[in-house]
Amino acid sequence: MTNKSKWLGFIFVVPFLVSFLVFWLIPLLYGIWISLHDFRLSVGNNGFIGLKNYVDILTPDTIYNRTFMTSLKNTLMFIVLSVPPLILISLGLALLIEHLPKKLKTFFRTVFFLSYSISVTAVSAIYLWLFGANGGYINNILMKAGLISSPINWTGDQPYAWLVIVIATIWWTIGFNMLLFVNALDEVDGTLYEAADLDGASAWNKFRFITLPEIRNISIFVMITTVIASFNLYGQSLLITRGGPEQSTSSLIMGINTTVFGNNQLGVGSAMALLMGVIMMLITGIQYWISYKSDKDDVAKPSRKERNRLKRAVNAGPTNVNQHPAATIDKKERKIT
């Protein structure tokens, strides 16, 4: 490699290194430094206090502990409510688009992805109009249909407040996950489905044994990124429910915002943000470990039920044997080792 090519490679890497330093590493180190000081927005740095901010957050019954734990519980609740439908519905839409004629695929991909380009402010305004307590579109429809006798306070009572936030989030962000699944389905080898059709496989078996394994990697990626995105809940909760009722939809970022700008505690807020990052890394690591472990189990020895099925198939004859990847059929001795 010549010196000229080395310098060209370095020039291409420089923008990434600069962005990494300016927008990630330096802010992270500065945030850690602030979290170790008594830092106020109004008066600035009041000196080094070590881990006191973290102790105040993790000590039960302190104001910062209540703020952090309440907002963490609410954020985890949102993740549990939003992540499964965000993955399953987006996969369902991708499967529907995959079975459309080619001329219609591009149109419907664009239609379903359009909502992702809308700002959170516009999305919140739409759903405030739809689910307004007085004069809201949904309440008017339900009352005209005789399903309810009085308006429902969708954004002021639970569990309706969570329902509105989850529906708004799904409508707003589902297009991104759907597009990832569509691209993954396009990469599945069509000959696998042709072979399954020749064997008389049902649609469910083709989905279970061909589609899901083939899109496994992108499914794991979608799950991890969706959990991370759900941790960043802020705009929907702030603009639709304002964190209510009784702070039951106040997210971690809202709690950090309140601590920094409401309580004038930049040091404590930085410590909360770092703890939030640690929790996100732990959950992401657990997800990755589970996916890695299940991936290893997939190539392990076949189950007893499958081994018995393979034995029956071998004894019946050498044709039409769907051999497990981990099984080896000794045709001479007709044994499965």
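**A short tour of a predicted chain**

Buried here means under 20% relative accessible area, exposed means over 50%, and partly exposed lies in between, all with a 1.4 Å probe and protein chains only.

Before going on, a word on what we are looking at. This is a predicted model, in which local features need pLDDT of at least 70 and side-chain atom pairs count only at pLDDT 80 or more, while totals for chains, interfaces and linings use all residues. Residues are numbered from 1 along each chain as its sequence is written, and side-chain values use heavy atoms, with hydrogens and water left out.

Back to Asp38. Which residue does the side chain of Asp38 meet in a salt bridge? The partner is Arg40, at 2.9 Å from N to O. By salt bridge I mean a side-chain nitrogen of Lys or Arg within 4 Å of a carboxyl oxygen of Asp or Glu. Arg40 is partly exposed, because its relative accessibility is 27%.

Now the strands around there. Strand S1 covers residues 37-40 and strand S2 covers residues 44-48, and the two pair in the antiparallel sense over three bridges. Two strands count as paired if DSSP finds at least two bridges between them. Together S1 and S2 form a hairpin, with three residues between them. Phe39 has Asn45 in S2 as its bridge partner.

Let's step back to the whole chain. It has 14 helices and four strands. Both are DSSP runs numbered from the N terminus: helices are H or I with at least four residues, strands are E with at least two. Of the 337 residues in the chain, 36% are buried. Among contacts with a separation of 6 or more, 64% are between residues 24 or more positions apart; a contact means heavy atoms within 4.5 Å.

What about the surface? The accessible surface comes to about 20700 Å², and carbon and sulfur atoms hold 66% of that. These areas come from the Shrake-Rupley method with a 1.4 Å probe, and for residues only the protein chains shown count as cover. One nonpolar surface patch of about 1300 Å² includes Trp7, Phe10, Phe16 and Trp24. Patches are made of residues with over 30% relative accessible area and no salt bridge; like charges are joined within 9 Å, and nonpolar side chains (Val, Leu, Ile, Met, Phe, Trp, Tyr) within 5 Å. Trp24 sits in helix H1, residues 3-35, and is partly exposed at 49% relative accessible area.

Next, more salt bridges. The search of the whole structure finds four. In one of them, Lys52 meets Asp56 at 3.0 Å, N to O. These two are separated by about one helical turn, because they are four residues apart in helix H2. Lys52 is partly exposed, at 44%. In another, Glu98 meets Lys105 at 3.8 Å, N to O. Glu98 is partly exposed at 22%, whereas Lys105 is buried at 17%. Lys105 also touches Leu100, which is in contact with Phe108 too, leaving aside neighbours within four places in sequence. Leu100 lies in the loop between H3 and helix H4 (102-114).

Now to the loop between helix H11 (235-241) and helix H12 (252-262), where we find Ser251. Is Ser251 buried or exposed? Ser251 is buried, at 0% relative accessibility. A polar atom of its side chain lies 2.6 Å from the backbone oxygen of Leu233. Not counting residues up to four places away in sequence, Ser251 touches Ser71, Thr75, Leu233 and Tyr234.

That loop between H11 and H12 also holds Pro245, and a cis peptide bond joins Gly244 and Pro245, with omega about -5°. Glu246 is found in the loop between H11 and H12 as well. Phi of Glu246 is near 55°, a positive value in a residue other than glycine, and Glu246 is exposed at 81%.

The peptide bond from Gln158 to Pro159 is cis, with omega near 5°, and Pro159 lies in the loop between helix H6 (137-144) and helix H7 (160-186). Asp61, although not a glycine, has a positive phi of about 70°. Asp61 lies in the loop between helix H2 (52-58) and helix H3 (63-98), and is exposed at 63%.

Conventions: Polar contact = N/O pair within 3.5 Å; in protein donor to acceptor, adjacent residues only side chain to side chain.
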